[in-house]
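Dear colleague,

Please find the structure below, with the sequence beside it.

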Amino acid sequence: MRDQLYINGSWQPAGNSRTLDVYDPSSESVIQQVAAASPEDIDEAVQAARVAFDEGVWPTLSGESRAGYLRAIAEGIRERRDDLARLEVQDNGKPLPEAQWDIDDAIGCFEYYAGLAEQINDAGELVTLPDDRFRCRVLREPVGVAGQIIPWNYPLLMAAWKVAPALAAGCTMVLKPSELTPLTALELAAIADEVELPPGVLNVVTGLGRDAGATLSIHPGVDKLAFTGSVPTGRAIMQAAAQDIKNVSLELGGKSAFIVFDDSDIEAAVEWILFGIFWNQGQVCSATSRLLVQDRLHDRLVERLVEETRKIRLGNGLESGTLLGPLVSQGQYEKVLQAIERGCREGARLVSGGRRPAHLQRGWFVEPTVFIDTPLDSALWCEEIFGPVLAVRRFSDEAEAVRLANASNFGLATGVMSADLKRCDRVSRALRAGIVWVNCSQPTFVQAPWGGYKQSGIGRELGAWGLSNYQETKQITEYCSDQPWGWYLKP
């Protein structure tokens, strides 16, 4: 496993020789130490990316040539799939099948953006003008040096979501993974090195947010900031970007609602509800953590939901049959338990879970938790918990369901379940969210845009929209007539 910074195509310790401990969430034990980048290290990484963009070949390579590197990186990940998945489990805590799914998605992400890179028209797109004496071309050019800061819930996949489109566009970058889960990002750097990505194109720096992330956010050599994480940190990054008017894209928090109408199949609803809130221990920005159930179905659905929730097996993610692993860190563990305690104090009814499992005395484990009759003004209903905690309320009709779902500062995702597809379409259009799932929850495809309304962020990742995040638009207009323009006429 790698334990140094990757800057300008080489491995090096942090300038101050400081390190960070990396923990296995299932045992609470230190499994590795990695370099803790200082502000000076970040400056060196940005300068390397700056030189690679301003003086190097990467931005001027054809899209087809860049695609070759992207496919080589995808193949490098594929060759290490099993090792990377196990490393993700040790670093993050998620069950092995989930980690394997994530690694496969990362491979698909690099392959997808290789395809988009091949479609880039280096000659530009002709625009029809009303005056045929002029010809106009529109080019899509790389935005420059990107500072990319990613979270800990999907370590390698979130790196792929940012690195792949930036490479396809022709950008250079400095990637800072979460200090909690840095290991697979360092392996990504090793793969980039093996495929001989030009030095300085991808730099990977591990470190604390206050030292590495903050310095990257304010660095004058960075043209674009791309961040996925919490609203408070996103707000700080946006403020930092404002100083130099940097291009910025933010994918922030969520408090997504899942609306279940009374004509829904109960068993299908339970399956999607469980997946929507307990996948990845609920540590998902789009987790459908607010459940709205129509009156006639509410009691029966809650009964089945609690019954199935209590069957979910918790344990080490490397153990066969584990469906729910530990939370990523002690801090996150304490935060979730505090949210559960507060929910009880504020009047919600705890009907399942809410504690550390009795048989797991080590590791940051929290039982899958279900509350009902959740007050609308409670933190449990309004604030992102980022854990396996579901808040349930009943509703009477479609209008109330839409009103309750939209009554949030967030607008990342939401879901609606009904046998009436016309109603599903009607509700989907009324919901104020960037992503709406119909009769399902959480399916994510690299081809489709990802991002939200309101405090859930700015911009979109994935699909062609993700590539556009790392491009600037330029028009080139030329005068084509052999006749004088005629603005200045001699007497």
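The notes below go from the whole chain to single residues.

This is a predicted model, in which local features need pLDDT of at least 70 and side-chain atom pairs count only at pLDDT 80 or more, while totals for chains, interfaces and linings use all residues. Residues are numbered from 1 along each chain as its sequence is written, and side-chain values use heavy atoms, with hydrogens and water left out.

The whole chain

The chain holds 15 helices and 22 strands; these are DSSP runs numbered from the N terminus, helices being H or I of at least four residues and strands E of at least two. Its radius of gyration is 24 Å, close to the 23 Å that the globule rule gives for 491 residues, so the chain is as compact as a globular protein of that length. That radius is taken over C-alpha atoms, and the rule is 2.2 Å times the number of residues to the power 0.38. Of the 491 residues, 57% are buried; buried means under 20% relative accessible area, exposed over 50%, and partly exposed in between, with a 1.4 Å probe and protein chains only.

The sheet

An open, mixed sheet of 7 strands has the order β14-β15-β16-β13-β12-β18-β19. Two strands pair if DSSP finds at least two bridges between them. At the edges are β14 (349–352) and β19 (435–438), each pairing on one side only. From one strand to the next, the twist averages 25°; axes are lines fitted to C-alpha atoms, for helices over the stretch in contact, and angles run from 0 to 180 degrees between N-to-C directions.

Strands β15 (369–372) and β16 (389–395) run parallel and are joined by 3 bridges, with valine 370 opposite leucine 390. Helix α13 (398–406) packs on the sheet, touching β12, β13 and β16, and its direction makes about 170° with that of β13. Strands β12 and β13 are also parallel, over 4 bridges, and isoleucine 259 stands opposite leucine 292 in β13. In a regular strand the side chains alternate between the two faces of the sheet. In β12, Ala257 and Ile259 point one way and Phe258 and Val260 the other, and all are buried.

The nonpolar cores

A nonpolar core is a set of buried Ala, Val, Leu, Ile, Met, Phe, Trp, Tyr and Cys residues joined through side-chain atoms within 4.5 Å. The largest has 104 residues, and those with the most contacts inside it include Ile273, Leu291 and Leu301. Beyond its neighbours within four places in sequence, isoleucine 273 is in contact (heavy atoms within 4.5 Å) with Phe258, Val260, Leu291, Leu301, Leu305 and Leu390. A second, separate core of 28 residues includes Leu292, Leu337, Val402 and Val416.

Methionine 173 lies in strand β8 (172–176) and is buried, because its relative accessibility is 0%. Not counting residues up to four places away in sequence, methionine 173 touches residues including Ala49, Val163, Leu167 and Leu202.

Most residues other than glycine have a negative phi. Isoleucine 245, however, has a positive phi of about 55°; this residue is in the loop between α8 (231–244) and β11 (247–251). Glutamine 442 also has a positive phi, near 80°, and is placed in the loop between β19 and β20 (453–454). Which of these residues is exposed, and which counts as buried? Isoleucine 245 is exposed, at 72% relative accessible area, whereas glutamine 442 counts as buried, at 11%.

Yours sincerely
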